[in-house]
Amino acid sequence: MPTVSSGKVLVTGASGYVASWVVRTLLEQGYSVRATVRSESKASHLRTIFSAYGDKLEFAIVEDMVKVGAFDDAVKGVDAIEHVASPCHTQADDPDELIVPAVNGVLHVLESARDYGASVKRIVMTSSCAAILERHDTPRVFTEADWNEQTLSDVKLNGRGADQLSKYMASKVLAERAAWDFVSKHKGEIGWDLVVLNPPWILGPVITEAKNAESMNSSMNVWYQIVLQNAINTKTEGQSWIDVRDLADAHVLALQKEEAEGNRIIVAEGTWKWQDWINAARICGVKASNSDSPYDAKKGIHYIAFDTTKAKQLLGMKYRSRQQCTTDIIEDFKARSWI
Ligand code: NAP
């Protein structure tokens, strides 16, 4: 399949944390972008911050991607699609509040691309390490061969009573599976290929229109609460992470690298515990949360880690450091007078 190194790219959920960086990175690299947002008012902030790019940026209103045919017009004439939109929070009562938009959202993108996307060559989907990892009481390194079955069992058995994270994680497993199944079922009818990116926690500066720290997206809101507000007592817990700007680069590289075709790719800088971020914030000279207990980063046990060989081989991924990420977050928060 030819790679997409220029032309017009459709980005879904452009008013979101990750997608706004994907839009920015595409524009910086010379692509034109058609950005989907749910209302005209959600487009106005993006019009302002990207005004220098003029008519290289256009908008398509997709109020609700659950509706059949939601992307039929949006896919027309684009060379590639970055499907980033999906509900990303842990506040759902019924798991279907997350699962239905996640699964139907991606299926509707793929159906529209099949039926109306004659010029589309590649679709990149933002999945998650949530679709891969399972919680264990012994350390484990996960690879792209792993699928999170654990979370599906929790949601199936417990429904509304399932763990909040399980509801979100199940939506990512089911959406990614639906995408791969669609491609395999419709192989003869589609002129494009699929690449799936699986990032863990995504952190870094915010360019969306957040009026206050609490209205940032979920992952950055949790970072703010734990690292700077001493709000949640989980400082020795951790996982793995990627800087949002590196993830945006990965989305563009996934369009450009022919060999990425048909792959799910874990993109992750490395492991952390909350205390590592608190230490990094202190180096920036801000008042960070109190430590739970002394923590030696070199001796810390990480129960969930990821093999990122594929991202290096297929995309040539390079990652910002935790300190760089923290410094840039703090600068951003200071500029917004949040700290
Ligand atoms: P976000 O800021 O909440 O962005 C989600 C976007 O999806 C928003 O633009 C939202 O629009 C849109 N959306 C949700 N439901 C929709 C619907 N029914 N119809 C149309 N648009 C809809 O979250 P994010 O952190 O950027 O997440 C982006 C992607 O990264 C998601 O696929 C998420 O699962 C994945 N991911 C995130 C993390 C993380 O740590 N943040 C980690 C791994 C993977 P509105 O805001 O207008 O509702």
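Which residues in α4 meet which residues in α5?

Author: This is a predicted model. On the α4 side, the residues are Thr-151, Leu-152, Asp-154 and Val-155. On the α5 side, they are Ser-166, Lys-167, Met-169, Ala-170, Val-173, Leu-174 and Arg-177. The residues of this contact divide into six nonpolar, two polar and three charged.

Now the geometry. Two packed helices are described by the angle between their axes and the distance between the axes. Helix α4 runs over residues 150–158 and helix α5 over residues 164–185. They pack at an angle of about 115°. Their axes are 8 Å apart. The crossing of α4 past α5 is left-handed.

The ligand comes next. How many residues surround the ligand? There are 26, and the closest are Arg-38, Lys-42, Val-84, Tyr-168 and Lys-172. The side chain of Arg-38 has an N or O atom 2.9 Å from an oxygen atom of the ligand. For Lys-42, an N or O atom of the side chain is 2.7 Å from a ligand oxygen. Gly-13 takes part through its backbone: an N or O atom there lies 3.1 Å from an oxygen atom of the ligand.

Next, look at Asn-263. Where is it found? Asn-263 is in the loop between α7 (244–256) and β10 (264–266). Is Asn-263 buried or exposed? It counts as buried because its relative accessibility is 16%, and the limit for buried is under 20%. Its side chain makes a polar contact with the side chain of Lys-310, at 3.0 Å. A polar atom of the Asn-263 side chain also lies 3.4 Å from the backbone oxygen of Glu-259. Now set aside the neighbours within four places in sequence. Asn-263 is then in contact with Trp-180, Leu-194, Val-195, Val-196, Lys-310 and Leu-314.

Helix α8 shows burial along a whole element. It spans residues 274–283, and seven of its 10 residues are buried. These are Trp-274, Gln-275, Asp-276, Trp-277, Ile-278, Ala-280 and Ala-281. What covers them? The cover includes β8 (201–203), α6 (218–228), β9 (238–243), β11 (270–273) and α10 (322–335). After α8 comes Gly-285, with a positive phi near 80°.

Trp-223 has its place in helix α6. It is buried, because its relative accessible area is 0%. Phe-142 is 81 residues from Trp-223 in sequence, and the two C-alpha atoms are 24 Å apart.

Follow the chain past α6. Asn-230 is in the loop between α6 and β9. Its phi is near 55°, a positive value in a residue other than glycine. Asn-230 is partly exposed, at 36% relative accessible area. Ser-337 also has a positive phi, near 60°, and is a residue other than glycine. Ser-337 sits in the segment after α10. It counts as exposed, since its relative accessibility is 63% and the limit for exposed is over 50%.

Lys-318 lies in the loop between α9 (309–315) and α10. Its relative accessible area is 68%, so it is exposed. Glu-269 is 49 residues from Lys-318 along the chain, yet their C-alpha atoms are separated by 8.2 Å. Val-68 is in the loop between β3 (57–61) and β4 (80–83). It is exposed because its relative accessible area is 73%. Val-68 and Ser-32 are 36 residues apart in sequence, and their C-alpha atoms are 26 Å apart in space.

Notes: Residues are numbered from 1 along each chain as its sequence is written. This is a predicted model: local features need pLDDT of at least 70, side-chain atom pairs count only at pLDDT 80 or more; totals for chains, interfaces and linings use all residues. Side-chain values use heavy atoms; hydrogens and water are left out. Axes are lines fitted to C-alpha atoms, for helices over the stretch in contact, and angles run from 0 to 180 degrees between N-to-C directions. Helices (H or I, at least four residues) and strands (E, at least two) are DSSP runs, numbered from the N terminus. A crossing is left-handed if the near helix is turned anticlockwise from the far one by less than a right angle, and right-handed if clockwise. Contact means heavy atoms within 4.5 Å. Ala, Val, Leu, Ile, Met, Phe, Trp, Tyr, Cys and Pro count as nonpolar, Asp, Glu, Lys and Arg as charged, and the others, Gly among them, as polar. Buried means under 20% relative accessible area, exposed over 50%, partly exposed in between (1.4 Å probe, protein chains only). A polar contact is a pair of N or O atoms within 3.5 Å; within protein, one must be able to donate a hydrogen and the other to accept it, and residues adjacent in sequence count only if both atoms are side-chain atoms. A residue is near a molecule or strand if one of its heavy atoms lies within 4 Å of it.
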